[in-house]
Amino acid sequence: MNKKDTCEIFCYDEEKVNRIQGDLQTTDISGVSQMLKAIADENRAKITYALCREDELCVCDIANILGVTVANASHHLRTLYKQRIVNYRKEGKLSFYSLNDEHIKQIMMIALTHKKEVEVNV
């Protein structure tokens, strides 16, 4: 940052600050932050994207898509599962994963759209 990126004097809008501080006390920003951190890993973002493209994939499919071992794919899927980003089901000896709900897909697609728009406008 440089001087152009900051205020040259210190002042703030007390009403806005108090309102937003109150909102933050009743909003689970920490949970959202943890969810976004889980998706922020490149392999987990790829898994999330892959599950946007297909309703359900087995661990072996995901490992092949990423070019990693089944153990590595499983590790990433566990993280996504713990954050309630994906659902899991077992069918015989196969483990299948799908997105938890449409909101996760929307988050991923909006992020991709934003990235494309930013690149065009630079």
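Select I20 to begin: I20 is partly exposed, with a relative accessible area of 44% (buried is under 20%, exposed over 50%, partly exposed in between, using a 1.4 Å probe and protein chains only). You're looking at a predicted model, where local features need pLDDT of at least 70, side-chain atom pairs count only at pLDDT 80 or more, and totals for chains, interfaces and linings use all residues. Residues are numbered from 1 along each chain as its sequence is written, and side-chain values use heavy atoms, leaving out hydrogens and water.

I20 sits in helix 1, residues 14-25 (helices are DSSP runs of H or I with at least four residues, strands are E runs of at least two, both numbered from the N terminus).

Next, pick T48 in helix 3, residues 42-53. Is T48 buried or exposed? T48 is buried, at a relative accessible area of 0%. Leaving aside residues up to four places away in sequence, T48 touches I39, L80, I85, L99, I104 and M108 (contact means heavy atoms within 4.5 Å).

Strand 2 and strand 3 (residues 94-99) are joined by 6 bridges.

Notes. Pairing = 2+ DSSP bridges.
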